[in-house]
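Please look at the sequence and the model shown below. The paragraphs that follow lead through a pocket, some aromatic rings and several helices.

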Amino acid sequence: MEYERSDAVDDRLEWLRTYGYGLCMGTADALPGVSGGTVALLLGFYGRLIAAVTAFTPWRAAAVLRGYHPDQRTKAREALLELDLGFLLPLGVGIITAVVIVADAVSNLAQSHPVAMFGFFTGLIAASVITLGRSLSISSPTHVAAAVTGTGLALLVAADIVSLPGSGPMVIVLAGAIAVSAMILPGISGSLILILLGQYVFLSSELSAFVHALGDLPGGGSLAAVTDPGTTVVLFVIGGVTGLVTIARIVRIALDRRRELTLVFLVSLIAGSVPAPLTNIAATHAWTTGTITLTAAWAGVGVIALFGLEYLVGGFDPE
């Protein structure tokens, strides 16, 4: 009996620790700069995360769903173990908790202090390029081509020359597929992808509105207030799951086969994204001396914050 009680306590501590990992990863994913994948590397669970994510296949999902049938329960149990849900569930809850908290803050700050927020983001992204780029070498014409392609593509998107049209259902699904895939990759942040696609503030506001509407329901809140932003959240999740089983696998294959070249492209993509947050400031503010000074000051704060975090954890490595 004492052994069983001890095992139960150990299980709860393991779930709590994994939930804490999720909080750290979710916070990184929700802020452009350090990616959730990099946090997973630093905390030592990246290998387990990738193994669990890549274990998710339609076949295993179907095996779990067929577990209600007595003859299929053994296969369903095996599929559950292979999916490592004891790790993914508390990690996922932690990620969602952090993302909801940050999304609420972003939604408020985007309206009240956009220059400060997007200036800070600019500094975070710029500093992350330096910290991640230190370990890479552009040693061949192929590397140069990858760097130019990644930087150029991001600059075109940041300048709104290449963009997604509006915020319709397919755009939200696509944004979810690309952003969630990026969340588990080292070096690139899912929120950075959303900023590039022009969906970051919109999706943060929709998630915040959805959570607040859910909280208002017991007090007589409107169901319509839940379903409108809830539809956006569901579409994003659908895209995210799709991205995890498609885009993320493709990038992982690229990392396995041409790691250095792929990392050069990813870090160059981040480098070209540095001006992206500034477009959000330009949408609401004229570039006066005061605006430029305030933006530069908050960018400096972002740089200091990122370099300070790098110092505390002993350095970032895109691999």
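The expected span of a helix is 1.5 Å times one less than its number of residues. Helices (H or I, at least four residues) and strands (E, at least two) are DSSP runs, numbered from the N terminus. The model is predicted, so local features need pLDDT of at least 70 and side-chain atom pairs count only at pLDDT 80 or more, while totals for chains, interfaces and linings use all residues. Residues are numbered from 1 along each chain as its sequence is written, and side-chain values use heavy atoms, with hydrogens and water left out.

For what follows, buried means under 20% relative accessible area, exposed means over 50%, and partly exposed lies in between (1.4 Å probe, protein chains only). The buried residues of H8 are His-143, Ala-146, Ala-147, Gly-150, Ala-154, Val-157 and Ala-158. Seen down the axis of H8, these buried residues fall within an arc of 115 degrees, so they line one face of the helix; the arc is that of the directions from the helix axis to the C-beta atoms. The face turned away from the buried side of H8 carries the exposed residues Pro-141 and Val-148.

In the loop between H7 and H8 is Ser-137, which counts as partly exposed at 39% relative accessibility.

Ser-137 and Leu-261 are 124 residues apart in sequence, yet 9.5 Å apart in space, C-alpha to C-alpha. H14 has 14 residues and reaches 20 Å between its first and last C-alpha, close to the 20 Å expected. It is mostly covered, with 10 of its 14 residues buried; among them are Leu-261, Val-264, Leu-266 and Ile-270. Thr-262 is also found in helix H14 and is buried, with a relative accessible area of 12%. Between Thr-262 and Pro-141 there are 14 Å in space, C-alpha to C-alpha, and 121 residues in sequence.

A pair of aromatic rings is described by the distance of the centres and the angle of the planes. Rings of Phe, Tyr and Trp (its six-membered ring) pair if their centres lie within 6.5 Å; planes under 30 degrees apart count as stacked, over 60 as edge-to-face and the rest as tilted. The structure holds 5 aromatic pairs. One of them joins Phe-45 and Phe-87, edge-to-face at 6.0 Å centre to centre with 65 degrees between the planes. Phe-45 lies in the loop between helix H2 (36-43) and H3 and Phe-87 in helix H6, so this pair ties together parts that are 42 residues apart in sequence. Phe-45 is buried, with a relative accessible area of 4%, and Phe-87 is buried at 3%. The rings of Phe-118 and Phe-121 have centres 6.0 Å apart and planes at 85 degrees, so this pair is edge-to-face. Both residues lie in helix H7 (residues 114-133), 3 residues apart, about one turn of the helix. Phe-118, Phe-120, Phe-121 and Tyr-200 form one aromatic cluster.

What lines the largest pocket? On a 1 Å grid over the protein atoms alone, a cavity is a set of points where a 1.4 Å probe fits but cannot get out, and a pocket is an open set with protein on both sides within 12 Å along at least five of seven lines; lining residues have an atom within 4 Å of a point. The lining of the largest pocket has 38 residues, of which Ile-95, Ile-96, Val-180, Met-183 and Val-237 lie nearest its centre. H6 gives the most to this lining, with 13 residues.
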